[in-house]
Amino acid sequence: MRLDDGDLLKSLHEGLFEQPLWSTFLDRLRTRARTQHATLIFRAMDEAVPIELYSGERMSPQLRKLLIESLAHDPLPYRTMREGRVYDLDELIDPANPEHRAFRKGTIDQFGVSMVRMVRVTEPGGVDAWLSCAGGRSSGAAVSNLIAALVPHLRIAMRTFVAMERERFRSAVNTDAIRRLNFGWLTLDARCRIVDMTPHLELMFQRSGVLRRGRYDRLTPASPAIDRELTALIKTFAQDPDARPRAINLSRDPLIDILVRPIQNRSVSSPTPPIAIAYISGDRISQADRCDQLVDLFGLLPSEARLAWAIAQGRSIAEAAEELGLSIETARNYSKKIYAKTGASRQAELVRIILTSVLAMA
């Protein structure tokens with residue numbers, strides 16, 4: 001009988017995308033091995049508590065707890081098992097060890113298990129996995145051969161799983177950082193329809209109102225003039241992938257800008273090929289809210305915070321004073337207090353302190 005009979009290998013590699021993980025594989029392994037139970041236990045991403053995946057008659061909660069605790073606290077030699085070697089029950093339990101004898105009598109024998117075959121597989125990143133079959137039958141040699149044949153495939157599957165988990169974690173961290181920086185991207189096809197985008201942009205659409213997802217997923221600016229400009233730009237990119245990118249201001253308060261550029265390397269994983277990518281940068285909140293945050297961050301008075309924010313936007317003292325309805329003398333007095341409270345010694349340093357503080361991620 002071949003190893004891949006019954007789609008066993010197929011289910012092993014497709015199990016990465018199942019919930020619960022590898023459920024079909026464990027069911028097929030249990031059927032193929034003709035055992036009562038098939039179990040895959042592993043520690044994912046340095047988690048203290050191992051993940052247990054199970055097929056077959058459910059163990060009692062007490063037995064499950066003992067088995068999980070035994071793996072966590074190593075009363076049996078799980079971690080000293082030679083990687084890739086299939087062990088039977090007698091090799092795992094030392095009859096001279098009272099703890100081992102108690103474990104076998106109180107759990108394994110009580111559950112009617114007389115045959116256990118287990119293998120330890122180590123993923124190159126350091127994740128250990130234990131695959132086992134257990135039951136009351138005596139077909140141990142055939143089960144051992146089956147598990148041994150699965151070892152290289154299980155190692156590949158675990159390596160793929162760990163790589164996917166790490167990329168999923170990195171993606172989550174990157175997405176959160178992008179969201180906090182009020183930055184995002186989306187790709188557009190030749191009809192200006194959204195192909196893909198960072199998840200938080202939907203919330204940005206709702207908050208700002210300057211962009212929305214229209215009918216048929218079309219990216220629709222609130223301004224008809226900008227809508228026409230964007231549509232013409234996408235048509236240009238569809239005809240000329242080397243066309244010059246263009247920046248468009250969507251809103252002044254809160255400030256929202258968009259940079260649209262053509263995509264030279266078109267995606268092969270999308271049914272609708274994107275021809276342009278749009279980078280969107282902007283505030284989630286108004287200037288008034290930013291001033292409130294400056295008050296919290298540097299201990300400024302509200303009037304000082306308004307002047308500090310105006311200066312951070314590149315305005316001179318005179319320009320900021322006129323905009324805020326202040327006299328030059330009052331603005332200068334405020335600026336001295338702003339410099340003292342923020343620790344800045346000149347205007348350029350003040351701008352840097354404000355724009356590179358955690359205010360940018362608020």
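Modeller: Helices (H or I, at least four residues) and strands (E, at least two) are DSSP runs, numbered from the N terminus. This is a predicted model, where local features need pLDDT of at least 70, side-chain atom pairs count only at pLDDT 80 or more, and totals for chains, interfaces and linings use all residues. Residues are numbered from 1 along each chain as its sequence is written, and side-chain values use heavy atoms, with hydrogens and water left out.

Biologist: Okay, which residues in H11 meet H12?

Modeller: On the H11 side they are Ile317, Ala318 and Ala321, and on the H12 side Ile328, Ala331, Arg332 and Ser335. The residues of this contact divide into five nonpolar, one polar and one charged. Here Ala, Val, Leu, Ile, Met, Phe, Trp, Tyr, Cys and Pro count as nonpolar, Asp, Glu, Lys and Arg as charged, and the others, Gly among them, as polar.

Biologist: At what angle do H11 and H12 pack?

Modeller: H11 covers residues 317–324 and H12 covers 328–342; they pack at about 110 degrees, with their axes 9 Å apart. That makes H11 roughly perpendicular to H12. The cut-offs are under 35 degrees for roughly parallel, over 145 for roughly antiparallel, 65 to 115 for roughly perpendicular, and oblique for the rest. Axes are lines fitted to C-alpha atoms, for helices over the stretch in contact, and angles run from 0 to 180 degrees between N-to-C directions.

Biologist: And how do H10 and H11 cross?

Modeller: The axes of H10 (residues 302–312) and H11 come within 9 Å and cross at roughly 130 degrees. H10 and H11 are therefore oblique to each other. In H10, Arg306, Leu307, Ala310 and Ile311 meet Ile317, Ala320 and Leu324 in H11. By class, that contact has six nonpolar, no polar and one charged residues.

Biologist: Is H10 mostly covered or mostly open?

Modeller: Mostly covered: nine of the 11 residues in H10 are buried. Buried means under 20% relative accessible area, exposed over 50%, and partly exposed in between (1.4 Å probe, protein chains only). Trp309 and Glu304 are among the buried residues of H10. The buried residues pack against H9 (287–298), H11, H12 and H13 (347–355).

Biologist: What comes after H10?

Modeller: Glycine 314 follows H10, and its phi is positive, near 95 degrees.

Biologist: Switching topic: in what order do the strands of the sheet run?

Modeller: It's an open sheet of five strands, S2-S1-S5-S4-S3, with antiparallel pairing. The edge strands, S2 (51–56) and S3 (86–88), each pair on one side only. Two strands pair if DSSP finds at least two bridges between them. In general, strands of a sheet pair through backbone hydrogen bonds, either parallel or antiparallel.

Biologist: How many bridges do S4 and S5 have?

Modeller: Eight, between S4 (residues 115–122) and S5 (residues 128–135). For instance, valine 121 stands opposite alanine 129 in S5, and methionine 118 stands opposite serine 132. S4 and S5 form a hairpin with five residues between them, and glycine 126 in the turn has a positive phi of about 105 degrees.

Biologist: What about S3 and S4, how many bridges there?

Modeller: Three, again in the antiparallel sense. Valine 86 has valine 119 in S4 as its bridge partner.

Biologist: Last one: how many residues of S4 are buried?

Modeller: Seven of its eight, so to speak a mostly covered strand.

Methods:
Contact means heavy atoms within 4.5 Å.
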